[in-house]
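I opened my notebook next to the viewer and looked up a handful of things. Here are the entries, in the order I wrote them.

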Amino acid sequence: MRTTTAPRLTQTLPPGPASTALWQMLQWVGRPLAFMEECAQQYGDLFTVRLGNLGQLVFCSHPQGIEKIFTADPKQMDAGRNNSVLLPLLGNASLILLDGKPHQRQRQLLMPPFHGERMRTYHSLVAEITEEIAALWSVGQSVDVREAMQAISLNVILKAVFGVSDSERYQDLQQLLPTFLDLTGSPAGASLLFIKGLQKDWGAWSPWGRFVRMRSHLDHLLYQEIADRRSHSEGGTDILSLMLAAEDEAGNPMTDLELRDELVTLLLAGHETTASALTWALYWIHFLPEVRDKLVTELATADLDDAKSILRLPYLNAVCSETLRIYPIAPITAPRTTHVPMSIMGHRMPAGTTVAPCIYLTHHRPDLYPRPHEFRPERFIERQFSPYEYLPFGGSNRRCLGMTFALFEMKLVLTTLLTRSQFQLPHPHPLKPVRRGVTLAPPSQLKLIVAHSS
């Protein structure tokens with residue numbers, strides 16, 4: 001049973017496993033859910049882990065502690081440097097790796113394309129791409145769900161970012177990105193990011209050598225696109241055009257390097273994470289027939305040509321929310337390193353302590369979510385949860401900038417698929433997440449059979 005009352009004030013970090021830092025890192029990479037659950041069961045709401053070269057982290061899964069972290073003065077802690085595991089993928093100028101004023105500047109420059117009002121412009125785009133992919137399926141066909149959702153989300157993010165789909169460069173990106181992500185897709189591949197000792201380029205045949213060369217190819221394509229857009233600026237409405245037009249308070253636009261790193265961040269994060277969420281949603285909808293029946297009934301009441309009508313559907317929203325609760329894509333949100341001492345639930349954290357709000361463990365607290373391992377969308381209709389109890393996109397100044405876009409895409413893709421086709425889950429057995437890079441994803445063997453298609 002977890003501790004729910006604050007312990008007596010101490011001058012030490014919370015307890016945690018005594019095993020070596022290397023062994024804890026291997027547990028974190030290879031069996032993250034079990035590792036977190038075992039630590040929470042033994043040590044409670046706050047525990048300290050040592051993750052190899054990532055250093056020492058204090059995991060926090062109590063809303064009271066998470067509120068303290070999220071509401072602290074951002075000037076008193078850094079978060080970007082703790083995402084250094086993503087540096088080889090995203091680059092130094094990525095919003096995710098920045099702190100302080102550079103982070104604030106970049107976030108302000110990137111906000112316009114993801115403003116809530118702009119989401120309506122993507123309605124037809126998402127629906128059309130989903131229809132195009134689904135039109136390739138025939139009745140009786142076994143569909144690889146994750147592969148299909150990756151195809152949809154990749155095309156959506158590419159067209160939303162670049163606005164075109166017939167150029168040779170676009171086609172190259174469409175083929176390159178999934179292969180690039182697959183290099184770190186398995187637990188063994190993810191080790192390339194988590195364990196710096198493996199980052200050795202021994203040639204094109206070596207794992208890191210393949211990674212470096214593929215990243216170089218990706219950079220070449222992106223810098224070409226940036227150069228072309230700068231020389232032929234036409235004031236487009238796609239995300240890249242808006243990024244090129246954005247200026248900070250001093251009137252300075254983003255540099256080519258900043259644009260490259262933010263484009264990679266958008267392409268990789270916006271593609272992979274949404275595909276995983278959609279795959280889980282389709283799994284749960286068909287694993288639990290009562291959920292599917294209730295959702296299909298609700299969708300029949302919506303005006304499918306009106307995005308607002310779809311976004312207002314309460315049960316669809318609840319299904320998406322529960323999908324992101326039970327198996328959040330990120331197990332933790334951006335760890336923060338304190339510049340000053342901080343007290344969290346009775347523990348006096350010295351300056352230099354890195355604290356990590358734990359999304360997965362918070363979402364599985366039985367005092368917040370009774371029977372937390374059950375998929376039950378109704379819990380999001382019965383009550384509202386605070387930003388410290390439900391945090392699939394992180395929180396505070398580190399909340400995912402693409403949250404609105406991701407939820408919008410989830411709802412439209414599910415609506416389009418479930419109103420044009422019927423599916424069956426051929427082997428309805430429980431599935432558990434697997435490590436995919438720095439995220440948690442559905443296993444690749446998930447299939448759905450097309451039972452009917454309009």
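This is a predicted model: local features need pLDDT of at least 70, side-chain atom pairs count only at pLDDT 80 or more; totals for chains, interfaces and linings use all residues.

**Entry 1: the cavity**

My search of the whole structure turned up one cavity of 30 Å³ or more. By cavity I mean a set of points, on a 1 Å grid over the protein atoms alone, where a 1.4 Å probe fits but cannot get out; lining residues have an atom within 4 Å of a point. Grid points are joined across faces, edges and corners, and the volume is the space filled by probe spheres set on the points.

Which residues line the largest cavity? I found W137, V143, V145, M149, L282, F423 and L448. The lining divides into seven nonpolar residues, no polar and no charged. Here Ala, Val, Leu, Ile, Met, Phe, Trp, Tyr, Cys and Pro count as nonpolar, Asp, Glu, Lys and Arg as charged, and the others, Gly among them, as polar.

**Entry 2: a nonpolar patch**

Next I went to the surface, where L22, W23 and L26 form a nonpolar patch with about 320 Å² of accessible area together. A patch takes residues with over 30% relative accessible area and no salt bridge, and nonpolar side chains (Val, Leu, Ile, Met, Phe, Trp, Tyr) are joined within 5 Å, like charges within 9 Å. The areas come from the Shrake-Rupley method with a 1.4 Å probe, and for residues only the protein chains shown count as cover.

I placed W23 in helix α1 (residues 21–30). Helices (H or I, at least four residues) and strands (E, at least two) are DSSP runs, numbered from the N terminus. W23 is partly exposed, at a relative accessible area of 47%. My cut-offs: buried is under 20% relative accessible area, exposed is over 50%, and partly exposed is in between (1.4 Å probe, protein chains only).

**Entry 3: salt bridges**

Side chains of opposite charge can pair when their charged atoms come close. How many salt bridges does a search of the whole structure find? I got 25, each being a side-chain nitrogen of Lys or Arg within 4 Å of a carboxyl oxygen of Asp or Glu.

I looked at K447 and D144, whose closest N and O atoms are 3.3 Å apart. K447 lies in strand β12 (residues 447–453) and D144 in strand β4 (residues 142–144), so this pair ties together parts that are 303 residues apart in sequence. K447 is partly exposed, at 32%.

Then I checked R230 and D256, which meet in a salt bridge of 2.7 Å, N to O. This pair links distant parts of the chain, with R230 in helix α10 (residues 207–231) and D256 in helix α12 (residues 256–287), 26 residues apart. Both count as partly exposed: R230 has 38% relative accessibility and D256 has 34%.

Are R325 and E322 buried or exposed? Both are buried, and their side chains meet in a salt bridge (2.7 Å, N to O). They lie three residues apart in helix α15 (residues 314–326), about one turn of the helix.

I also jotted down a network of salt bridges that links R169, E225, D228, R229 and D238.

**Entry 4: positive phi**

M345, a residue other than glycine, has a positive phi near 50°. I found M345 in the loop between β6 (342–344) and β7 (347–349), buried at 7% relative accessibility. R371 also has a positive phi near 50° and is not glycine; its place is the loop between α16 (359–363) and α17 (379–382).

**Entry 5: some C-alpha distances**

A148 sits in helix α7 (residues 145–162) and is buried at 8%. Its C-alpha is 12 Å from that of H271, 123 residues away along the chain.

I found T416 in helix α18 (residues 403–420), buried at 10%.

Last, T338 is in strand β5 (residues 336–338) and counts as buried at 2%. T338 and V164 are 174 residues apart in sequence and 44 Å apart in space, C-alpha to C-alpha.

Conventions. Residues are numbered from 1 along each chain as its sequence is written. Side-chain values use heavy atoms; hydrogens and water are left out. On a 1 Å grid over the protein atoms alone, a cavity is a set of points where a 1.4 Å probe fits but cannot get out, and a pocket is an open set with protein on both sides within 12 Å along at least five of seven lines; lining residues have an atom within 4 Å of a point.
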